[in-house]
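The structure comes before the notes.

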2 protein chains.
Amino acid sequence: MATAKKQTRSRPETIARRREILRAATDIFGSKGSVNGTLTDIADQVGMTHAGILHHFGSKDLLLMEVLTYRDESDVDHLEEKHIPTGIEFFRHLVRTAFSNAQRAGLVQLYAVLSAESVTDDHAARDYFVDRYRNLRQEAIESFELLCAQREVEAPDTVAHAAAAILAVMDGLQIQWLLDPENLLLGEASEFAIEAIVSAVVNPQPSPLREPALETSAE
Amino acid sequence: MATAKKQTRSRPETIARRREILRAATDIFGSKGSVNGTLTDIADQVGMTHAGILHHFGSKDLLLMEVLTYRDESDVDHLEEKHIPTGIEFFRHLVRTAFSNAQRAGLVQLYAVLSAESVTDDHAARDYFVDRYRNLRQEAIESFELLCAQREVEAPDTVAHAAAAILAVMDGLQIQWLLDPENLLLGEASEFAIEAIVSAVVNPQPSPLREPALETSAE
DNA sequence: GAAAACTTACTGACAAGCCGGTAACCTTTC
DNA sequence: GAAAGGTTACCGGCTTGTCAGTAAGTTTTC
């Protein structure tokens, strides 16, 4: 069953054209969601018809998946980092990303909307996001473990929670920031939260929630 | 211009019928999103036609808004708490909510999907979520301030970040949990994160991210 | 207290619009 | 001249919302 792809070469400018479409799709899916955003919306933005888009990408779902992987690539470029670091540098990298995201509302919105959309039944990007979070959590866990080893403390069993929490807080802050940019500093709030969580792993304090409640009358 | 409404009362069972519809709508909007979930889906689930739903609620958008406010009411009932507490109890309340949410995937999904959907242009529920987050952040800020006052420390200027971060981490963990329930304990992870953030406010530690990096070779 | 007058709670059919996808057909470029 | 890069035209399907009509319930009237 040789899937002998004909693989006839495309014209030189078509790569640029595809990139143009991907950028437009990022825009549209970001601002309207992947369900509400239509092929015609995207086509209008690059000055062609929706059939032209389908010629390039086959179907809407395939276009969506390419948008997601395309952003992953251009994302690493953006911060001019060769590869994602580990250890303490991983968390510094997250903080830098948060500050940088405050300048890229379109991309942030794309991911915020799509990741939430993807939890719905049979969403095209569901597998993509399941994998993405698994990988990111794993990287965070490894960074925590490295961090603990460097400090010669045993990695607590909270690292799994902390890894999920760090990603969660970044996503959640993005949504609040998108809804109400005047009332939230994305970079600063992310930095604060990341520091708090890292600190709780490497330097655990007694839980303030378990203390006996201080009476207001005890003043 | 007296719009003298005759206002004959609705039939006794119609209140129960509306509630039935609201519950079905919660289900459908939760599992498919408010864009993908249709009036016919909801109608099927309660055994009527989509026109019947429109008779009760006027339009899809109005139904959506009623779903959101309906859940807010039934939510307080659920935890059997008279009103939301302040101070340390506010944060304990959030932890209880997180544990309780692990039993209510449908409702969690409704909010996760809709809050992210709402950041898209002209979404019906956008104002609802902007207000909701503003109010919740305010409650969190006041609880932090009360907490600091009780400990006779000055409330740091990080409380605003912390307030946003606590809500954010709860939302973000919900999405990861919905995508991959086997790999995430919603209650435990939320508790860990909330403790970490509260601790960072009332008992700030030096930032682990600002330390001079420990060399791995210094082992 | 029963008939008349009126409402409510629907149903079924349909209008209008939009969506993704396909097919057939030009046109530009290698 | 053949393939790539499009366009135009169109289809089938699905969605929200409207509307007329009907059965059942409620209120009013005598």
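I took contact to mean heavy atoms within 4.5 Å. On that basis, the contact takes 68 residues from chain A and 68 residues from chain B.

Before going further I noted that this is a predicted model, in which local features need pLDDT of at least 70 and side-chain atom pairs count only at pLDDT 80 or more, while totals for chains, interfaces and linings use all residues. Residues are numbered from 1 along each chain as its sequence is written, chains are lettered from A and ligands numbered from 1 in the order in which they are written, and side-chain values use heavy atoms, with hydrogens and water left out.

**Interface**

I looked up the buried area, that is, the accessible area (1.4 Å probe) that two parts lose on being put together, summed over both. Between chain A and chain B about 5900 Å² is buried, and carbon and sulfur atoms give 64% of this. On the chain A side, A:Leu179, A:Phe192 and A:Leu209 lose the most area to chain B, together 13% of what that side buries.

Next I checked salt bridges (a side-chain nitrogen of Lys or Arg within 4 Å of a carboxyl oxygen of Asp or Glu). There are 8 salt bridges between chain A and chain B. I looked at the one between B:Arg210 and A:Glu195, where the closest N and O atoms are 3.6 Å apart.

I then asked which helix gives the largest share of the side of chain A that touches chain B. H9(A) does, with 14 residues. Helices here are DSSP runs (H or I, at least four residues), numbered from the N terminus. By class, that side of chain A has 36 nonpolar, 19 polar and 13 charged residues. Ala, Val, Leu, Ile, Met, Phe, Trp, Tyr, Cys and Pro count as nonpolar, Asp, Glu, Lys and Arg as charged, and the others, Gly among them, as polar.

**Helix pairs in chain A**

For axes I used lines fitted to C-alpha atoms over the stretch in contact, with angles from 0 to 180 degrees between N-to-C directions. H5 (residues 88–101) and H8 (residues 159–179) of chain A pack at about 10°, their axes 12 Å apart. H5(A) is therefore roughly parallel to H8(A) (angles under 35 degrees). Residues in this contact include A:Phe91 and A:Leu94 of H5(A) and A:Met170 and A:Trp177 of H8(A). The contact residues divide into 6 nonpolar, 2 polar and no charged.

The axes of H2 (residues 39–46) and H3 (residues 50–57) of chain A come within 8 Å and cross at roughly 95°. I therefore logged H2(A) and H3(A) as roughly perpendicular to each other (65 to 115 degrees).

Terms used
Helix = DSSP H or I, 4+ residues; strand = E, 2+ residues; numbered from the N terminus. Parallel < 35°, antiparallel > 145°, perpendicular 65-115°, else oblique.
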